[in-house]
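Let's take a walk through a protein together, one stop after another. Have the sequence and the structure ready as you read.

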Amino acid sequence: MDRDTWNPTTGCNKVSAGCKYCYAEVMTKRLHAMGIEKYKDGFKVRVHEDALDVPYSWKSSKVVFVNSMSDLFLPEVPLEFIQKVFELMNNTPQHTYQVLTKRAERLFELHDKLNWTSNIWMGVSVENEKVKSRIDYLRATNAKTKFLSCEPLIGPLSNMDLTNINWVIVGGESGRKSRSMEELWVWILKINAENRKLHSSLNNGVV
Ligand code: SF4
C-alpha cells in the first residue's frame with residue numbers, strides 16, 4: 001500500500017527530551033524560507049481547514065502518517081477541529097491512519113468524544129523512562145489499534161507494560177548531533193514485545 005503524510009495542523013511546542021532535534025521544526029524552517037503559504041507562521045500552531053478534504057482526493061488506498069509536522073493533541077488545537085479530522089478518517093475507511101502524539105494526557109481527556117473506527121491507529125512517543133506514563137493514557141483509550149514509537153530511543157526502557165499494545169517501533173536518532181542508542185536497549189524492548197507476541201519493527205538498523 002502507498003504511504004503518505006497528511007498535515008491538517010502545523011507547528012508545535014517542545015514538550016520532552018525526544019523533541020530536542022525535532023525534524024518537523026527543521027523542515028518547517030525550510031518550507032517557511034521557501035515561501036510556502038501553509039508555513040508562513042513558522043512553527044506556531046495552526047489548524048488548516050482547507051487541508052481537511054485532502055484524503056478524499058486520493059485514488060488508491062494509503063497508509064497515512066497524520067501530522068508529521070505537528071501534534072494533533074496539542075492544547076492549542078480545538079476539540080471541534082480534532083473531531084473534524086476524525087470525521088474525515090471515519091469517512092475514508094479505505095485508508096489507514098497512524099496518529100502519533102506526545103500529548104497523551106489530552107488524548108486520554110478527549111478519547112471518548114472521538115469515533116475510533118478501526119482504520120485509525122493511535123500511538124504515543126516513548127523516548128525514555130520519564131515519559132512511560134504516556135503508555136497508560138494510550139492503553140485507557142478506545143483506540144482499536146495502539147502503538148508505541150520509541151524513536152528516538154535515548155534511554156533504556158525496562159519493565160514496560162505492553163498489555164493491550166499492538167505494535168512497537170524502535171529507532172535511533174539521526175543527524176549531526178544525534179544522541180546514541182545502545183543495542184542493549186533495543187534488545188530489552190524486542191524481547192519484551194516478542195514475549196507478548198507483538199509486532200515490533202526497528203528503524204535505522206536490523207535486529
Ligand atoms: S511533539 Fe513532535 S512535532 Fe512537536 S516539537 Fe516534539 S518532536 Fe517536534
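What follows is a short tour, from the ligand to the helices and then to the loops and strands.

A few ground rules come before the tour. The model is predicted, so to speak a calculated picture: local features need pLDDT of at least 70, side-chain atom pairs count only at pLDDT 80 or more, and totals for chains, interfaces and linings use all residues. Residues are numbered from 1 along each chain as its sequence is written, and side-chain values use heavy atoms, with hydrogens and water left out.

Start at the ligand. Which residues surround the ligand? They are C12, N13, K14, C19, C22, S70, K102 and R103, where a residue is counted as near if one of its heavy atoms lies within 4 Å of the molecule. This shell divides into three nonpolar, two polar and three charged residues. In that sorting, Ala, Val, Leu, Ile, Met, Phe, Trp, Tyr, Cys and Pro count as nonpolar, Asp, Glu, Lys and Arg as charged, and the others, Gly among them, as polar.

The ligand sits in the largest pocket. To find a pocket, a 1 Å grid is laid over the protein atoms alone, and a pocket is an open set of points where a 1.4 Å probe fits, with protein on both sides within 12 Å along at least five of seven lines. A molecule sits in a pocket if more than half of its atoms lie within 2 Å of its grid points.

Next come the helices. Helices (H or I, at least four residues) and strands (E, at least two) are DSSP runs, numbered from the N terminus. Helix α1 covers residues 23-33, and its buried residues are A24, T28 and L31. Seen down the axis of α1, these buried residues fall within an arc of 65°, so they line one face of the helix; the arc is that of the directions from the helix axis to the C-beta atoms. On the other side of α1, K29, R30 and A33 are exposed. After α1 comes G35, with a positive phi near 80°.

Helix α3 (residues 104-110) holds F108, which is partly exposed at 34% relative accessible area. F108 and L138 are 30 residues apart in sequence, yet their C-alpha atoms are 6.7 Å apart in space.

Most residues other than glycine have a negative phi, and most peptide bonds are trans. N67, in the loop between β4 (62-66) and α2 (79-91), has a positive phi near 65° and is buried at 3%. N159, in the loop between β7 and β8, has a positive phi near 50° but is exposed at 73%. P152 lies in the loop between β7 (145-150) and β8 (167-171), and the peptide bond from E151 to P152 is cis, with omega near 0°.

The last stop is strand β8, where I169 is found. I169 is buried, at 11% relative accessibility, and its C-alpha atom is separated by 9.5 Å from that of K190, 21 residues apart along the chain.

Note on methods: On a 1 Å grid over the protein atoms alone, a cavity is a set of points where a 1.4 Å probe fits but cannot get out, and a pocket is an open set with protein on both sides within 12 Å along at least five of seven lines; lining residues have an atom within 4 Å of a point. Buried means under 20% relative accessible area, exposed over 50%, partly exposed in between (1.4 Å probe, protein chains only).
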